[in-house]
Amino acid sequence: MRTVYFGTFVHCLALADIQVLPSAAVGVDVDGTIEFLDQNTRSAEASAEKYSWPVGSYSVVSSDPASASFFFPGFFDTHIHASQYPNVGLFGKTTLLDWLNSYTFPLESSFADLKVADDVYSRVIARTLGNGTTTAAYYATVHTAGTNLLADLALKAGQRAFIGRCCMDANSPDYYCDKNLEDAQKATLEVIEHITKIDPDHDIVCPILTPRFAASCSKELLSWLGKLSTDTNLPVQTHISENMLEVELVKSMHTFADSYAGVYDKCGLLHDKTILAHAVHLTDDERALIAKRGSGIAHCPASNSALTSGETRVKWLLDAGVKVGLGTDVSGGFTPSILHTARQALLVSRHLSMKGDESHKLSIEEVLYLATVGGAEVCGLAYKLGNFLPGKKWDAQLITLDCKNSPVDIFPWELKTHEDLVAKWLFNGDDRNVTKVWVDGKLVAGTAFTS
């Protein structure tokens with residue numbers, strides 16, 4: 001049955017353009033496609049009649065007009081290491097390279113045990129969905145069976161997911177790596193085959209080629225992955241310029257290119273389906289190259305702060321036409337919440353502006369754009385996701401600010417605008433405010449959801 005959603009809708013139309021519709025209706029077809037957006041209506045029934053939907057052919061879901069609630073598009077997490085979820089908050093005084101050896105590689109190596117993989121992956125999917133993340137770009141581990149399990153679990157839960165098996169045949173521990181190029185190739189192809197078998201059109205789960213980062217891959221592996229991406233049209237995800245020691249390591253290792261971005265470009269990995277995480281220390285030339293190739297950046301402010309990596313200049317990237325979304329980067333990042341990550345993105349931009357350049361400052365509207373439409377652009381899905389425009393899919397969350405145990409205090413004597421309520425939600429809200437979550441028109445999570 002088709003559904004008419006009625007109430008207050010909040011979504012982003014452009015970078016600094018957030019639209020609030022206090023009394024609107026969205027009609028969603030049986031396949032989860034938005035058929036109409038009636039921006040001003042007195043009821044769901046009035047909108048259904050306006051668009052010739054017969055009585056009895058649809059159900060109605062409303063945000064409570066007496067409460068501080070609204071529909072908002074589902075979040076995009078453009079960079080998250082699903083296998084690292086047990087380590088959230090554990091980084092001590094380390095920076096990137098020693099953190100990988102001290103915390104990350106030992107944990108990821110344990111995913112040879114499918115019981116460990118099942119426990120962790122089930123929890124991280126439930127946690128991200130519960131926080132309103134309807135699309136996630138996941139890094140798994142080097143293990144084929146565990147990576148396939150992550151795809152199975154995401155599909156079962158109904159979360160859109162890019163599933164990446166980590167490729168790493170250089171500068172990696174002997175106990176946790178691809179033993180040679182052939183092993184990496186075989187395992188990668190097996191994961192692609194499995195995901196294509198369970199979701200032939202890659203509508204919900206999609207394989208994503210995942211060279212961990214340039215310093216953990218030989219030129220031969222990077223080049224093979226680049227050719228594979230060209231031949232299959234599959235997306236790519238990796239890291240770039242997160243930490244200065246990492247940048248120097250890549251420079252000394254891959255002398256065939258003149259920059260970190262150049263390494264990926266010469267290996268065929270820099271194109272409009274590439275997601276590059278961090279981009280803290282890019283040069284002007286690298287920014288221009290990334291913009292020219294149409295690649296996107298996963299901005300990970302919580303992780304960049306936690307590991308003392310630096311401050312990504314988001315406005316500097318956007319000004320050059322580079323696509324930018326948000327990533328939690330669990331477990332360098334200490335939270336699986338994109339709402340919290342948007343909060344961090346805003347605050348980090350203010351720290352940049354304190355150095356004397358106000359142009360770095362991001363607004364509430366802009367970080368919420370990065371969390372939705374920006375993420376959709378980075379993931380190559382803006383044609384069908386990111387806001388509530390007709391023709392797109394109903395990936396959405398119902399936010400209730402005055403729910404039981406809400407972290408957001410709403411005072412009855414406050415005469416707040418909807419824009420004020422959105423601001424209070426950004427700075428104070430969490431998963432307790434996520435009442436319902438839909439993916440592709442199907443209810444999949446939320447505090448009011450029972451499987």
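## A buried threonine to start

Thr 133 is in contact (heavy atoms within 4.5 Å) with Phe 75, Asp 77, Thr 128, Gln 159, Pro 336 and Ile 338, leaving out residues up to four places away in sequence. Thr 133 belongs to strand β7, residues 133–139; helices (H or I, at least four residues) and strands (E, at least two) are DSSP runs, numbered from the N terminus. Thr 133 counts as buried because its relative accessibility is 0%, where buried means under 20% relative accessible area, exposed over 50%, and partly exposed in between, with a 1.4 Å probe and protein chains only.

A word on the model: it is predicted, so local features need pLDDT of at least 70 and side-chain atom pairs count only at pLDDT 80 or more, while totals for chains, interfaces and linings use all residues. Residues are numbered from 1 along each chain as its sequence is written, and side-chain values use heavy atoms, with hydrogens and water left out.

## The nonpolar cores

The largest nonpolar core has 123 residues. Such a core is a set of buried Ala, Val, Leu, Ile, Met, Phe, Trp, Tyr and Cys residues joined through side-chain atoms within 4.5 Å. Tyr 138, Ile 240, Tyr 264, Ile 290 and Trp 425 have the most contacts inside it. Helix α13 (residues 364–378) supplies the largest share, eight residues. There's also a second, separate core of 15 residues, with Tyr 5, Leu 21, Val 28 and Leu 398 among them.

Trp 425 touches Phe 70, Phe 72, Phe 75, Leu 339, Arg 343, Leu 368, Ile 399, Leu 401 and Val 408, again not counting residues up to four places away in sequence.

## Leu 326

Leu 326 sits in strand β15, residues 323–326, and is buried, at a relative accessible area of 0%. Beyond four places in sequence, its contacts include Phe 76, Asp 77, Thr 78, His 79 and His 299, as well as Val 367, Leu 370 and Ala 371. Leu 326 and Pro 301 are 25 residues apart in sequence, with their C-alpha atoms 8.2 Å apart in space.

## Two helix pairs

Helices α5 (residues 181–198) and α6 (residues 219–232) pack at about 30 degrees, their axes 10 Å apart. Axes are lines fitted to C-alpha atoms, for helices over the stretch in contact, and angles run from 0 to 180 degrees between N-to-C directions. That makes α5 and α6 roughly parallel, a label for angles under 35 degrees. The contact residues divide into eight nonpolar, two polar and one charged. Here Ala, Val, Leu, Ile, Met, Phe, Trp, Tyr, Cys and Pro count as nonpolar, Asp, Glu, Lys and Arg as charged, and the others, Gly among them, as polar.

The axes of α13 and α14 (residues 418–428) come within 11 Å and cross at roughly 65 degrees. Ile 364, Val 367 and Leu 368 of α13 meet Val 422, Ala 423, Trp 425, Leu 426 and Phe 427 of α14. This contact has eight nonpolar residues, no polar and no charged.

Most residues other than glycine have a negative phi, and most peptide bonds are trans. Val 330 and Ser 331 are joined by a cis peptide bond, with omega at about 10 degrees, and Ser 331 is in the loop between β15 and α12 (338–353).

Ser 241 has a positive phi, near 45 degrees, and lies in the loop between β12 (236–240) and α7 (244–253). Ser 241 is buried at 1% relative accessibility. Thr 308 has a positive phi too, near 55 degrees, and is found in the loop between α10 (301–306) and α11 (314–319). Thr 308 is exposed, with a relative accessible area of 61%.

Technical notes. Parallel < 35°, antiparallel > 145°, perpendicular 65-115°, else oblique.
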